[in-house]
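Please read the sequence alongside the three-dimensional view, and keep both at hand while following the explanation below.

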Amino acid sequence: MLKRIFLLLVVLIVSAAVLIAFDVSRFLNAPLAAKEREFELHIKQGDTIRGIAAQLNQSGLLSRPLWWELFARYNGSARSIKT
């Protein structure tokens, strides 16, 4: 019985990991939602990558701010954003 529960748990974890990986891959390969008009993003000194992602999400340009934030932290570009 314990073996079946463990196997079910492993299957659920692997399934969740595959679904998350698919969603992240789809997000990273999709273009930003283009607007008909120009867009300005005002970054103030001290703004965090999370705040910038929230601004992009509120403007409708970014559908998954968490994935964008995690990717920016992973590849090191979160530290290179300047005001």
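Which residues make a nonpolar surface patch of about 370 Å²? In this predicted model, the patch is formed by Phe6, Val10, Val14 and Val18. One of these residues, valine 14, belongs to helix α1, which covers residues 2–29. Valine 14 is partly exposed, because its relative accessible area of 47% lies between the limits of 20% for buried and 50% for exposed residues.

The next helix to consider is α2, where Ile49, Ile52, Ala53 and Leu56 are buried. When the helix is viewed down its axis, the buried residues of α2 fall within an arc of 100°, and therefore they line one face of the helix. These buried residues pack against α3, whereas Arg50 and Gln58, on the other side of α2, are exposed.

From here the chain can be followed into the loop between α2 (49–58) and α3 (65–75), which is where serine 59 is placed. Is serine 59 buried or exposed? Serine 59 has a relative accessible area of 17% and is therefore buried, since the term applies to values under 20%. The side chain of serine 59 also reaches back to the backbone oxygen of leucine 56, at 2.8 Å, and Leu56 is itself among the buried residues of α2. Just after α2, glycine 60 adopts a positive phi of about 90°.

Conventions. Residues numbered from 1 in each chain as written. Predicted model: local features only at pLDDT ≥ 70, side-chain atom pairs only at ≥ 80, totals over all residues. Heavy atoms only, no water. Patch = residues over 30% accessible without salt bridge, like charges linked within 9 Å, V, L, I, M, F, W, Y side chains within 5 Å. Areas by Shrake-Rupley, 256 points an atom, 1.4 Å probe, with all protein chains shown as cover. Salt bridge = Lys/Arg side-chain N within 4 Å of Asp/Glu carboxyl O. Helix = DSSP H or I, 4+ residues; strand = E, 2+ residues; numbered from the N terminus. Buried < 20%, exposed > 50% of the residue type's maximum accessible area, 1.4 Å probe, protein only. Polar contact = N/O pair within 3.5 Å; in protein donor to acceptor, adjacent residues only side chain to side chain. Arc of directions from axis to C-beta. Contact = heavy atoms within 4.5 Å.
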